[in-house]
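Biologist: Please take me through this structure, and tell me what each term rests on.

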Amino acid sequence: MSKLILVLGATGAQGRAVVDSLLAPFEDGTPSPYTVRALSRDPENKHAQSLRERGIEVFKGDTSNLASVAAALDGVYGAWINIDGFTVGEQREIYAGIRIFELAKQTKSLRHYIWSSLDYNLKKGGYNQKYRCEHYDAKGRVAEWLAQQSSIVSDTDLSWSVITSGPYMEMLQIGLMGPVQRADGTFVFNSPIGDGHIPMIALADVGFFARYTFDHRVETSGKNLEIASEWVGWEHLVATFTKVTGQKAEYNRETLDPVAAEGGPGSTSWAENFTGWWNAFRDDVNKRDMDWIRKINPNGFTLERWMIENKYDGILYKNPVLKIVGDGKSLRKRRA
């Protein structure tokens with residue numbers, strides 16, 4: 001009998017990768033043991049319709065209506081919970097993250113709960129305000145709270161796991177991380193990251209670890225899996241881009257300056273939020289155990305392989321994956 005997994009955020013970039021991985025057959029062709037239920041605030045949008053065409057159940061609801069989340073949880077074996085912090089803001093995400101786990105504990109069928117997290121920058125940076133980043137810290141605080149809850153692997157109890165990811169390699173297709181092209185054809189990767197690094201991850205590798213965690217309930221019970229595909233510095237990024245594309249490229253070391261967009265993900269502005277984001281990467285606040293990651297996912301992406309397989313050419317916005325971009329809230333296109 002298949003195990004039904006609720007994917008909250010199934011129509012987003014991460015959610016679609018998770019769904020693909022959960023439904024993929026094993027390497028020997030054996031069918032996946034999982035089926036998927038999606039929760040979408042707009043079950044008529046193109047991504048929800050695409051899920052439905054694959055035979056996936058799509059429930060209408062979101063975290064502003066927790067009764068809809070409870071209804072979607074009913075009858076499932078597992079849950080992948082990823083909340084769009086840019087939509088709901090920091091405070092609402094923290095509340096919803098805690099409350100959804102409480103609802104999960106009340107769901108008789110549920111056995112494995114996975115919280116999709118990001119690094120708790122503020123704590124990892126010694127509570128220095130320069131590392132405060134709302135859409136990271138909100139998820140990290142929920143992960144900290146989950147660590148205080150019991151996680152029991154049995155046929156009658158609920159176990160939990162946390163997967164802490166990071167910026168997608170696919171974000172190289174937008175202006176926040178991608179290059180701009182000068183009139184002479186040179187691709188310029190502008191960044192305030194200095195000599196720091198980003199624990200980048202290909203979306204397909206997020207999907208891999210989602211499937212791995214559901215497949216290995218005992219090993220991942222009560223654990224926070226901090227994942228990445230490669231720990232990327234900008235000199236390496238530029239060198240890899242030139243190696244793959246043959247295009248001339250350079251790294252322009254910027255200072256932090258405001259992000260040209262109105263509003264922000266919560267109580268801070270875009271500029272304040274992404275200043276903390278870049279500060280954490282510049283100072284290597286968020287590290288990864290790449291030896292462990294490669295052991296678990298030996299076929300995971302490298303930056304070079306991702307560029308090759310995705311035919312990456314540095315041209316921005318051809319295939320933007322982030323919902324925030326699709327909703328017209330794109331961050332600035334960086335100057336050449």
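Modeller: The model is predicted, so local features need pLDDT of at least 70 and side-chain atom pairs count only at pLDDT 80 or more, while totals for chains, interfaces and linings use all residues. Residues are numbered from 1 along each chain as its sequence is written, and side-chain values use heavy atoms, with hydrogens and water left out.

Biologist: What makes H1 mostly covered?

Modeller: Of its 11 residues, 8 are buried. Buried means under 20% relative accessible area, exposed over 50%, and partly exposed in between, with a 1.4 Å probe and protein chains only. Helices (H or I, at least four residues) and strands (E, at least two) are DSSP runs, numbered from the N terminus.

Biologist: Why is Thr 11 called buried?

Modeller: Thr 11 has a relative accessible area of 18%, and the limit for buried is under 20%, so the word applies. Thr 11 is in the loop between E1 and H1. Leaving aside neighbours within four places in sequence, its contacts include Arg 16, Ser 40 and Asn 45.

Biologist: Why is Gly 246 called exposed?

Modeller: Gly 246 has a relative accessible area of 63%, and exposed begins over 50%, so the word applies. Gly 246 is in the loop between helix H10 (234-245) and strand E12 (249-253). The C-alpha atoms of Gly 246 and Asn 45 are separated by 39 Å.

Biologist: Why is H7 called roughly perpendicular to H11?

Modeller: Helix H7 (residues 134-146) and helix H11 (residues 270-282) pack at an angle of about 75°, with their axes 8 Å apart. Angles of 65 to 115 degrees count as roughly perpendicular, so H7 is roughly perpendicular to H11. Axes are lines fitted to C-alpha atoms, for helices over the stretch in contact, and angles run from 0 to 180 degrees between N-to-C directions.

Biologist: Which residues meet there, in H7 and in H11?

Modeller: Glu 134, His 135 and Tyr 136 in H7 meet Asn 273, Phe 274, Trp 277 and Phe 281 in H11.

Note on methods: Parallel < 35°, antiparallel > 145°, perpendicular 65-115°, else oblique. Contact = heavy atoms within 4.5 Å.
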